[in-house]
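Here is a friendly tour of one protein model, meant to be read alongside its coordinates. Please keep the viewer open as you go.

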Amino acid sequence: CENHAKVTLNTDNAPTGNVYLSGVVGTNNSTEVKNCKNTADITVNAPAGGAMMSISGVTGYSSGPITDCYNEGAISFNTEGAIKGTSVAGIAPYSSGAVTGCVNKGDISVYCTSFAGTNNLGSITTSNASQAATCGAYGVLGYSYKADVANCENHGKITFHMTKAETSTSNSGRQGSAGVVGHPWGNVDNCKNFGDMDIRYASSTGDIFTDKAQCVMIGGIAC
């Protein structure tokens with residue numbers, strides 16, 4: 001399967017339900033996503049990320065394996081408000097199936113003001129694990145839940161800018177950005193990142209963070 005047409009979501013209202021948006025497959029339940037390709041830009045512009053936003057080039061959510069998939073479109077989420085459970089990735093924001101041989105060459109970007117809390121994501125439903133469903137920008141995969149990631153590459157630039165952290169209304173369990181995979185709950189083997197990373201967590205005055213507890217992880221391969 002291939003997508004070569006731009007996908008753009010512009011909304012004047014903050015979503016209240018989960019949003020799964022991608023170039024090829026919105027959600028995949030238990031089957032395999034294989035040899036799928038997205039070459040077009042995927043863009044979301046919203047006043048705030050009040051719900052869980054799962055945005056990618058190939059599949060927005062997968063509980064099955066993802067194999068030999070490719071993205072070269074720019075994937076971006078832009079808001080002048082706070083985000084809550086927002087994950088943006090080249091191939092998939094979330095997978096509980098193995099991810100193998102996938103390549104991202106598109107730029108990945110998230111622009112927001114602050115952090116508004118967590119959301120449960122896929123199989124991540126316990127009180128502690130749900131903290132993983134926070135926010136970030138990732139080259140290939142956002143969250144690997146009990147699944148291995150192997151032979152994947154990122155060549156796109158990763159950008160995450162939070163500019164008014166002092167307005168955050170919730171403590172952050174986990175936030176992060178990574179060249180290949182964020183928060184891996186499985187093995188990561190033979191993965192490579194060639195993309196630059198531009199990460200900014202700051203208040204409007206330039207000071208970092210807020211009185212809310214923050215946990216930020218950044219990694220060239222994984223975080």
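The report below moves from the whole chain to its sheets, its cores and a few single residues.

## About the model

This is a predicted model, in which local features need pLDDT of at least 70, side-chain atom pairs count only at pLDDT 80 or more, and totals for chains, interfaces and linings use all residues. Residues are numbered from 1 along each chain as its sequence is written, and side-chain values use heavy atoms, with hydrogens and water left out.

The chain averages a pLDDT of 84, and 85% of the residues score at least 70; pLDDT is the predictor's confidence in each residue, from 0 to 100. Residues 123–132 call for some care: pLDDT stays under 50 there, and the model has 19 contacts beyond four places in sequence for this stretch. A contact here means heavy atoms within 4.5 Å.

## The chain as a whole

How many helices and strands does the chain have? There are 0 helices and 28 strands. Both are DSSP runs numbered from the N terminus, with helices being H or I of at least four residues and strands being E of at least two. Among contacts between residues at least 6 apart in sequence, 82% join residues at least 24 apart.

Of the 223 residues in the chain, 53% are buried. The cut-offs for relative accessible area are under 20% for buried and over 50% for exposed, with partly exposed in between (1.4 Å probe, protein chains only). The accessible surface of the chain comes to about 8600 Å², and carbon and sulfur atoms account for 43% of that. These areas come from the Shrake-Rupley method with a 1.4 Å probe, and for residues only the protein chains shown count as cover.

## Parallel strands

Let's look at an open sheet of 3 strands, ordered β13-β19-β24 with parallel pairing. β13 (92–95) and β24 (184–185) stand at its edges with a single partner strand each, so one side of each is left without a neighbour in the sheet. Two strands count as paired if DSSP finds at least two bridges between them. β13 and β19 (residues 141–145) are joined by 3 bridges; A92 stands opposite L141, and Y94 stands opposite Y143. β19 is mostly covered, as 5 of its 5 residues are buried.

Parallel pairing also links β2, β6 and β10. β2 (residues 7–10) pairs with β6 over 4 bridges, and here V44 of β6 is the bridge partner of L9. Another 4 bridges join β6 to β10, where N45 stands opposite N78.

## Nonpolar cores

The largest nonpolar core has 22 residues, of which I55, F77, V88, F160 and M162 touch the most other members. Strands that each supply at least two residues of this core include β3 (19–21), β7 (53–56), β16 (108–112) and β22 (158–162). Apart from it lies another core of 16 residues, among them I66, V99, V149 and V181. A core in this sense is a set of buried Ala, Val, Leu, Ile, Met, Phe, Trp, Tyr and Cys residues joined through side-chain atoms within 4.5 Å.

Which residues does F160 touch, not counting those up to four places away in sequence? Its contacts include I83, V110, C112, C135, A137, I199 and Y201.

S56 is found in strand β7 and is buried, with a relative accessible area of 0%. Leaving aside neighbours within four places in sequence, S56 is in contact with residues including L21, I42, I75, A89 and P93. Its C-alpha atom is separated by 5.8 Å from that of V88, 32 residues apart along the chain. T159, in strand β22, is also buried, at a relative accessible area of 6%.

The structure holds 0 disulfides, a disulfide being a pair of cysteine sulfur atoms within 2.5 Å. C102 is in none, and its nearest cysteine sulfur, that of C69, is 4.7 Å away. C102 counts as buried because its relative accessibility is 0%. For C152, the closest cysteine sulfur is in C102 at 4.8 Å, too far for a bond. C152 is buried as well, with a relative accessible area of 0%.
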